[in-house]
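User: Could you walk me through the cavities here, with the rules behind the words?

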Number of protein chains: 2
Amino acid sequence: MSEIVLDNFGDEISKKAAKKAQKAAEKAAKKAQHKAEERATNGSATNEQSGGPAEDVSVGKYGICELICSVENKPVQHVNISQLNGSMIGHTVLVRARLHTARATGKQCFFTLRSQDHSIQCVLALGPSVSKQMLKFVAGINKESIVDVTGVVVKAAQAVSSCTIEDLEIQPSSVMVVSLAEPRLPLQIDDAQRAETEGDEVARVLQDTRLDHRILDLRTATSQATFRLEGGVCRLFREYLTAKGFTEIMCPKLISAASEGGANVFGMNYFERKAFLAQSPQLYKQMAIAGDFEKVFTIGPVFRAENSNTHRHLTEFVGLDMEMAFVHHYHEVMMLIGDMFVHMFRGLEKEHKRDIELVGKQFPATPFRYLSPPLVLQFREGVQMLREAGIEMEDDEDLSTPNEKLLGQLVKAKYNTDFFILDKFPLAVRPFYTMPDPRNSKWSNSYDMFMRGEEILSGAQRIHDPKLLTERANHHGIAIDTIQAYIDSFRYGCPPHAGGGIGLERVTMLYLGLDNIRKTSMFPRDPKRLTP
Amino acid sequence: MSEIVLDNFGDEISKKAAKKAQKAAEKAAKKAQHKAEERATNGSATNEQSGGPAEDVSVGKYGICELICSVENKPVQHVNISQLNGSMIGHTVLVRARLHTARATGKQCFFTLRSQDHSIQCVLALGPSVSKQMLKFVAGINKESIVDVTGVVVKAAQAVSSCTIEDLEIQPSSVMVVSLAEPRLPLQIDDAQRAETEGDEVARVLQDTRLDHRILDLRTATSQATFRLEGGVCRLFREYLTAKGFTEIMCPKLISAASEGGANVFGMNYFERKAFLAQSPQLYKQMAIAGDFEKVFTIGPVFRAENSNTHRHLTEFVGLDMEMAFVHHYHEVMMLIGDMFVHMFRGLEKEHKRDIELVGKQFPATPFRYLSPPLVLQFREGVQMLREAGIEMEDDEDLSTPNEKLLGQLVKAKYNTDFFILDKFPLAVRPFYTMPDPRNSKWSNSYDMFMRGEEILSGAQRIHDPKLLTERANHHGIAIDTIQAYIDSFRYGCPPHAGGGIGLERVTMLYLGLDNIRKTSMFPRDPKRLTP
């Protein structure tokens, strides 16, 4: 049912018009093919053609395929580049991949095939079955075109350091273009994945250029690895919580003015009234707890209409949220979340080792360190460490971003961990629904979790008693009628509960040691960017 | 970072004010407790009290706990009702659960404990350690309150048919209220989960009442089972695709006017311009394919500003979307999706057997039937079946909702399957980006999938060639500049690809044979409902 995205364009057309369209399309495709072949075999083509096509021993072995529109359902015999290995030497394989680069040197054409983050070199040499025409055609294929190459796997004459497969090559007998790229690319894949360590004299791609042409930027080994790992973060989060008996729930993003509100909210017309975009699934996961689901998680977009143009703010990001009823103490939940992170870090290390290495090639970072069980510090201990490092701050002052960063460094130096939990935040700096510390109401039953000195999770025990919640809201000066539905959720019995919310893009960014959240959001949204 | 949902209320308050708030809250809580105890032990309490508290042999064995605000981190010794079994007879257990119902009969009080969809009967009898006061207190505890019960597991005197555990009972020695519900409930859990087959004379709960008080409605065994199973649908979808090498991606919901547009779209102010809510992740999953991810899936909300008030439309629902590059034929993708459904149906049968039974108790339905491999019919075969059943329709007319339903019945009668794939839809009724059938452009490389006669997936091979795509858009009368970014995505080489989008709530609804999509959306949104 998701197909109707462009449905407004999908008006019925008459059968005649459809037929006409189809014919026109076919004609256009043929014309394009002809042009491309002409260009690919440019210049000398006329010389060759003067001798007549009979001279071309490679006829049928190169060219541009007809548009693949599912004419025949043949068995797939293609092999992926990543599957190629020494045992295949001497065998003929069929590979579909992008033509990454090509260069002709007189009687030879060297070209690189790339498939995701794997690559292999092909060597096409003039010979009894390879014509000059074929050589020129292949050398002229536009970079990033997708080709079907049939050829023999051979041992590379010398190590091909520019490819991921260094010890093998393919000697092609056929090179067919499956999808032709335009001749001029807005950015070069090699430029986009150049290592940061390579110095300033090499070509680089600016961030806005990357994002404007995201489909090309996504093709770099770095992007492939980054987003595969990001998928892994979600998988490991769910895997751990599912094993612990959590239920996955879905929370609405369209909310009424009544239940939430205030600044930094996107609002819109909703039939005869106003609706807003949820800034978090907080209320809904708490309602699921009041509704007896006991342990829930939810993954989905959250929206912040905040005009922040920093390396770590987005107007839309993905929240990994969880909420859990506990028996005696919110540390039952806090420690479970801590363990979840350890499970995640272990899983990333194990299942995404190659991805971490690939990203590290372009953006070197120190490996992510953590302790098991994770380090837990009291907020006041953190303040103490900062004071010892010369920072002046109050006991119950919130951590500024620079102080967070510094604390991360101090903790790393002292405990050798990039991940830690800071427990017992001052009550005054937390939202009204945070449970006060029963021993000292200067503090609260709340915690943040940090990766490389940046907050990636905020959580707390929530007040599950409607009377205390009302009191606290009053003392924060909140108009009770605006949060009545929230308070009412706790009127029919609710277990004590705690939870937290994680920013997916931040976790990926900080785990990999990247410097900008736009590197870990596939299609980032900020106050200035809404496309592609 | 999701904690700031109500951040606008979270202004700092002075320490003094915080302290004051805390004290007031504690006072309020104590007052509430006192009142509740008074009410729980109402009427006769005065009589008892005249004898003085020394007479109460149960002092300390009943009452209302202080608000659990994590004073002490004790080991959790509670047992879940679902864990109770015959081997525990004679043992003392501690259970936290809701008080579902209670009735006193002179010297005894029978009460039912409920935890999610499990329940057990407790029998409290006046005796050497159980006072009259305790009996009255327990009999008076408001329904839906959460209690901690300590007691001995005994064999039930006779089968307790009203509980899930029929052969055991608990003889409590202590009953403490952990979270007190208000005395009047807006709906009764038993009414909300009454079987449809029970006839008209029993109390029922109207849908709007349920949804207005969703946290109570979610507590029924039916709701618990429904949403657990819905989580299972997501899990099985991901499990299958992950095993097939798919990458999970995240697609933005905020989109610019340029790339999509038209009717049925929610629009809003986005800093200095306009933004819209995505009606599907279609464009973005195709961009991920153009960006070399090869096989992707994404789960997230999709938005439709459609003023449809039917049993199967929502303004916000959850899309399970996938897209995949193929080699020769879109059936490589279509059959993979079909297999995914078979995997899902098998998994639901196996892992959610009890959930299916629980839902069936309230809403009886025939078990969901399917074939493996799934049944694939041509669109024209479907039309033929409808014609044979007396329906008049054109060859290339789209299926109306009643005709879909009828076709589902005809297919069920002929093939004994509730799931089938209808392939080769007329080109004219599909969006412009659908690949025409290469043999006959009256048809297209597109398919719908059906469950119990309702469409739950729509999919197709997409046109991956910018020239043909432009042609088709032109012939649909679409202004090219409004979809330029979409078309440009295919300019730098793109493999042939196909995919589809599934409506989560519809799959759950139809799998379980439910009659309204609001039963499978935890917090449904329609033109009239935006709360809770």
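Analyst: Happy to. One term first: Ala, Val, Leu, Ile, Met, Phe, Trp, Tyr, Cys and Pro count as nonpolar, Asp, Glu, Lys and Arg as charged, and the others, Gly among them, as polar. This is a predicted model, where local features need pLDDT of at least 70 and side-chain atom pairs pLDDT 80 or more, while totals for chains, interfaces and linings use all residues. Residues are numbered from 1 along each chain, chains are lettered from A in written order, and side-chain values use heavy atoms without hydrogens or water.

User: What makes a space count as a cavity, and how many cavities of 30 Å³ or more are there?

Analyst: On a 1 Å grid over the protein atoms alone, a cavity is a set of points where a 1.4 Å probe fits but cannot get out. By this rule there are 5 cavities of 30 Å³ or more. The largest cavity holds about 310 Å³, a volume being the space filled by probe spheres set on the points, joined across faces, edges and corners.

User: Which residues line the largest cavity?

Analyst: Lining residues have an atom within 4 Å of a point. The largest cavity has 31 of them, and Ile249(A), Met250(A), Cys251(A), Val318(B) and Glu505(B) are the closest to its centre. By class, 16 are nonpolar, 6 polar and 9 charged.

User: How is the lining of the second largest cavity divided by class?

Analyst: The second largest cavity holds about 190 Å³. Its 19 lining residues include Glu316(A) and Met250(B), both among the closest to its centre. The classes give 11 nonpolar, 4 polar and 4 charged residues.

How values were computed. On a 1 Å grid over the protein atoms alone, a cavity is a set of points where a 1.4 Å probe fits but cannot get out, and a pocket is an open set with protein on both sides within 12 Å along at least five of seven lines; lining residues have an atom within 4 Å of a point.
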